[in-house]
Amino acid sequence: MAAMAGKSPEMDPRIWSRLPEELLEHVLSFLPLKTFFNLLCTCKHFKSLIYSPSYLAKYSPSASSSSPSSPAFSSFLLLSHPQFYHHQLPLYDSVLGNWRNLSFSRSILLPYAAATTITLLSAANGLLCFSLPNSSSFLVCNLLAGSSRVVKFPGYPFAFEMLTLVLTPNGYKIFMIASEFSSRTVWVYDSRVHSWREFQDFDPILSDNCHQGVYSNGVLYFCTPEPFSILGFVLESGKWERSGMELPGELTFVKLVSNGDGKLYLVGGIGRNGISKSMKLWELEGENWVLVESVPEFMCQKLFSVCYHNYEHVYCFWHQETICVCCYTWPEILYYKIRRRTWHWLPKCPSLPDKWSCGFRWFSFVPELYVQV
């Protein structure tokens, strides 16, 4: 007994080889994902699990009782800027709180990056959409799953704006507005049928400087220039709808944010004559905008000073229970934590040169293994 107490018992292969598959999957689901991925090359069965819906379900947020809001994979804030080396993009790990690089040389992007300049245009959870101008196409990819699809432009030459990648229950769609001569049309790509649809009745109220649409419940929402209003584009029907919801008063700029589950937020500047004195956050409840929080004055002053009161440079997006407020001319992010009701600044990327130019584009990147392209 003393000899056995000093030794750890060996695993009996006659027992473990007959372990039911569902129990084995349950045991493996307790491993950190980094450890599990290191095991993939040791066993064909382990490798097959990354394509198993039942196994991936164990890594879903609802499967974790200890932290129901935490994703299995790390989530990232992805930064694109002209001064970064064109074969990599910086990532800020919002779970671990550190920086790393997304290297094209170690991903499916390498063949495309080696042949042409690729530009990140939009992101939707685990999917990224790049432009491949030399081949007149877009590249939609899932870096975690190692899958990609090249989507050809509807025509050539082809100029577009407001491109928005949207995840839907049955795939994804790409929305964009194309300008050809004096006419402007809407094009929507549907991954279910791998084809484009053209819609002619474009609403001319949208300005050339509008940003990406905000998706909620099948509708892409946009803000118009002054007098501010909200327009919606129904992705299935291709129809424009003008929202009847009344906006707060004395707004100097309006930015919409969606949490992806049907809830809309509004970030707006308050002031007069186009000059903001403060900034506030509202949440849509029914047809009314309810005030959630005011941005601290010293944070407002910093944001307004870096954008030079040119609010067309300001844009917002949702990232893991956080609302991010960014500016094309500034390398930092002002963000609001919904649960804690607190505002913070994310410092600039350490790999950014001391002297930088404009063109900072931030994206929410939440890797999902089971999103198909």
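Two strands are taken to pair if DSSP finds at least two bridges between them. Helices (H or I, at least four residues) and strands (E, at least two) are DSSP runs, numbered from the N terminus. The structure is a predicted model, in which local features need pLDDT of at least 70 and side-chain atom pairs count only at pLDDT 80 or more, whereas totals for chains, interfaces and linings use all residues. Residues are numbered from 1 along each chain as its sequence is written, and side-chain values use heavy atoms, with hydrogens and water left out.

The secondary structure of the chain comprises eight helices and 24 strands. Of its 373 residues, 47% are buried, where buried means under 20% relative accessible area, exposed over 50%, and partly exposed in between (1.4 Å probe, protein chains only). Contacts are defined by heavy atoms within 4.5 Å. Among contacts between residues at least 6 apart in sequence, 46% join residues at least 24 apart.

Strands β6 and β7 are joined in the antiparallel sense by six bridges, and phenylalanine 138 has valine 151 in β7 as its bridge partner. Proline 133 is located in the loop between β5 (127-132) and β6 (137-142). This proline is partly exposed, at a relative accessible area of 43%. The C-alpha atom of proline 133 is separated by 9.7 Å from that of phenylalanine 158, 25 residues apart along the chain.

Serine 122 belongs to strand β4 (residues 119-124) and is buried, with a relative accessible area of 1%. A polar atom of the serine 122 side chain lies 3.0 Å from the backbone nitrogen of leucine 165. A polar contact is a pair of N or O atoms within 3.5 Å; within protein, one must be able to donate a hydrogen and the other to accept it, and residues adjacent in sequence count only if both atoms are side-chain atoms. When residues up to four places away in sequence are not counted, serine 122 touches Leu127, Leu128, Cys129, Leu163, Thr164, Leu165, Gln212 and Phe363.

Phe363 also takes part in a strand pairing: leucine 78 stands opposite phenylalanine 363 in β24. Strand β1 (residues 76-80) pairs with β24 in the antiparallel sense over five bridges. Because four of the five residues of β24 (residues 361-365) are buried, this strand is largely enclosed by the rest of the structure.

A further open sheet of four strands has the order β12-β13-β14-β15 and antiparallel pairing. Strands β12 (214-216) and β15 (240-242) form its edges, each pairing on one side only, and the twist averages 30° from one strand to the next. Strand β14 (residues 230-234) pairs with β15 in the antiparallel sense over three bridges; glycine 232 has glutamate 241 in β15 as its bridge partner.

A nonpolar core is a set of buried Ala, Val, Leu, Ile, Met, Phe, Trp, Tyr and Cys residues joined through side-chain atoms within 4.5 Å. The largest such core has 26 residues, of which Val267, Met279, Leu281, Ile323, Val325, Leu334 and Trp343 touch the most other members. At least two residues of this core are supplied by each of β16 (251-258), β17 (264-272), β18 (275-285), α8 (297-307), β20 (314-318), β21 (322-327), β22 (330-337) and β23 (342-346). Helix α8 provides the largest share, six residues. With residues up to four places away in sequence not counted, valine 325 touches Val267, Met279, Leu303, Val314, Tyr315, Cys316, Ile333, Leu334 and Trp343. Apart from this core lies another, of 20 residues, among them Phe153, Phe158, Leu165 and Ile174.

A search of the whole structure for disulfides, defined as pairs of cysteine sulfur atoms within 2.5 Å, finds zero. Cysteine 307 is in no disulfide, the nearest cysteine sulfur being that of cysteine 327, 5.2 Å away. Cysteine 307 is buried, with a relative accessible area of 1%. Cysteine 327 likewise counts as buried, at 1% relative accessibility.

How values were computed
Axes fitted to C-alpha atoms, helices over the stretch in contact; angles between N-to-C directions.
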